[in-house]
Amino acid sequence: MHDTRERMDEIKAKKNPNSVEVLKYIRYAINVKKYPNEKIYEILSHWDKDKVNSAISKVEKENAAPRPKRYYVSLKEPLEDPNLR
């Protein structure tokens, strides 16, 4: 958990993160820290507001999707990858 917090603090400190890093931090802030949107905007005021806004809406859409009732796991051996030979 400490490693994740350190990585998120590094992303938060960046002046111009890419869109993947913005999405990672927004997911962390909403799902782990349970921050409201206003606090996220306040914390990330040094980032591009459009990127933050689109990431928040994307994460909210992901969270609104219903979770699967079951997860299927295959007990068979994985197929051999010809590239590994």
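Predicted model: local features only at pLDDT ≥ 70, side-chain atom pairs only at ≥ 80, totals over all residues.
Residues are numbered from 1 along each chain as its sequence is written, and side-chain values use heavy atoms, with hydrogens and water left out.

Let's start with the fold. The protein has four helices and zero strands, and along the sequence that reads α-α-α-α. Helices here are DSSP runs of H or I with at least four residues, strands are runs of E with at least two, and both are numbered from the N terminus. Of the 85 residues, 21% count as buried, meaning under 20% relative accessible area; exposed is over 50% and partly exposed is in between, using a 1.4 Å probe and protein chains only. Among contacts (heavy atoms within 4.5 Å) with a separation of 6 or more, 57% are between residues 24 or more positions apart.

For a look inside, pick Ile56 in helix H4, residues 49–64. Ile56 is buried, at 2% relative accessibility. Leaving aside residues up to four places away in sequence, Ile56 touches Ile26, Ile30, Asn37, Ile40 and Tyr41. With Ile40, which sits 16 residues away along the chain, the C-alpha to C-alpha separation is 9.0 Å.

Now for the charges. The whole structure has two salt bridges, each defined as a side-chain nitrogen of Lys or Arg within 4 Å of a carboxyl oxygen of Asp or Glu. One pairs Lys14 with Glu21, at 2.4 Å from N to O. Lys14 is partly exposed at 34% relative accessibility, whereas Glu21 is buried at 17%. Another salt bridge joins Arg27 and Glu62, whose closest N and O atoms are 2.7 Å apart. Arg27 belongs to helix H2 (residues 19–32) and Glu62 to helix H4, so this pair ties together parts that are 35 residues apart in sequence. Both ends are partly exposed: Arg27 has a relative accessible area of 31% and Glu62 one of 30%.

Finally, head to the surface, where Asp3, Glu6, Asp9 and Glu10 gather in a patch of negative charge. Patch residues have over 30% relative accessible area and no salt bridge, with like charges joined within 9 Å. Asp9, one of this group, lies in helix H1, residues 2–13, and is partly exposed, with a relative accessible area of 39%.

Technical notes
Patch = residues over 30% accessible without salt bridge, like charges linked within 9 Å, V, L, I, M, F, W, Y side chains within 5 Å. Areas by Shrake-Rupley, 256 points an atom, 1.4 Å probe, with all protein chains shown as cover. Lys, Arg positive; Asp, Glu negative; His and termini not counted. Charge placed at Lys NZ, Arg CZ, Asp CG, Glu CD.
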